[in-house]
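Dear colleague,

Please find below the structure I promised to pass on to you, with some notes to follow once you have had a look at it.

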Amino acid sequence: MFKFSANLTTLFNEAPFMDRFGLAQQAGFRHVEFQFPYEFPVDSIKREIESRNLDVVLFNFPPGDWKKGDRGIAVFPDRRQEFYESVDEAIRYALALDCPSLHCMAGVRPDGLQAEEAWKVFRENLSYAAGRLANHGITLLIEPLNPYDMAGYMLSSLDQAVQLVNELKLPNLKIQFDFYHMQRIQGELLASFSRVKELIGHVQIADNPGRHQPGTGEIHYSNIFRFLEESGYSGFVGLEYFPLGKTIDSFDWMQAHSRDCRNETETRGVGR
Ligand SMILES: O=C(O)C(=O)[C@H](O)CO
Ligand SMILES: [Mg+2]
């Protein structure tokens, strides 16, 4: 049975980041994830999760300078040192927070950088990072992002991610399968998930269009949840959506899922 995780970057964003842990707990969540925690001291986050009995299940490596357009720094030949330091920083946070998985964003390829060179650097950096994370039992994740939201992002198809994972053969390198991005990239959601099931280390959800909660768009999430249960996926499903309306009013779809699911108590207890 899979478990829901509240993404505190996109959920509860009516409140400052450090207040979102308490709001997630009050809403019944046990697992949380977020994108970038680095502007907040790790000890403050640790206090929040310990006092609220939450587990942190995922966050990203530092992405470079987001305001200047960086969306990861793993593809740049001239920024390797900065990438190594970003791995150090991510590990420091992950160990303090006892987080089992980290997502490495690739980056946006500038015009002057040849694709072949960028892929080579990405492969080398992933090998480096996977080795460092393996020493701590942490899984490294890569996630294809749709080209409409993130133009020029290097890793923009599921096939590219599969190729990297198969080529590199690193036991702790897995795919972050975000149904929202997959819908916008290629559709064929159930078949695509089935095809790469063994390579998936984390799942995320949002509906399309709008990237809001399930039930607001075109994705048939009750089918997807049933399918995930039947497929035996037992990892996390991150709620990485921007609520339409107040966050606390955006969880109706979860009640429907619990009703559909045979073991209601377990779904609620573990997931929310
Ligand atoms: O945007 C997404 O879907 C993510 O999961 C990442 O954290 C990248 O920002
Ligand atoms: Mg995602």
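A residue is called buried here if 20 or more other C-beta atoms lie within 10 Å of its own, exposed if 12 or fewer do, and partly exposed in between, with the C-beta atoms placed from the backbone. This is a predicted model, in which local features need pLDDT of at least 70 and side-chain atom pairs count only at pLDDT 80 or more, while totals for chains, interfaces and linings use all residues. Residues are numbered from 1 along each chain as its sequence is written, and chains are lettered from A and ligands numbered from 1 in the order in which they are written.

An unreviewed UniProt entry lists Glu-143 and Glu-240 under "active site", an annotation that may be inferred rather than shown by experiment. Although these two are spread over 98 residues of sequence, they cluster in space, with a largest C-alpha distance of 13.1 Å.

Glu-143 counts as buried because 22 other C-beta atoms lie within 10 Å, and, leaving aside neighbours within four places in sequence, Glu-143 is in contact (C-beta atoms, placed from the backbone, within 7 Å) with His-103, Gln-176 and Asp-178. Glu-240 is likewise buried, since 25 other C-beta atoms lie within 10 Å; the residues that Glu-240 touches, not counting those up to four places away in sequence, include Asn-7, Asp-178 and Gln-204.

Both Glu-143 and Glu-240 are among the residues around ligand 1, meaning those with a C-beta atom, placed from the backbone, within 6 Å of it. His-103, Asp-178 and Gln-204 also belong to this group.

Best wishes

Technical notes:
Contact = placed C-beta atoms within 7 Å.
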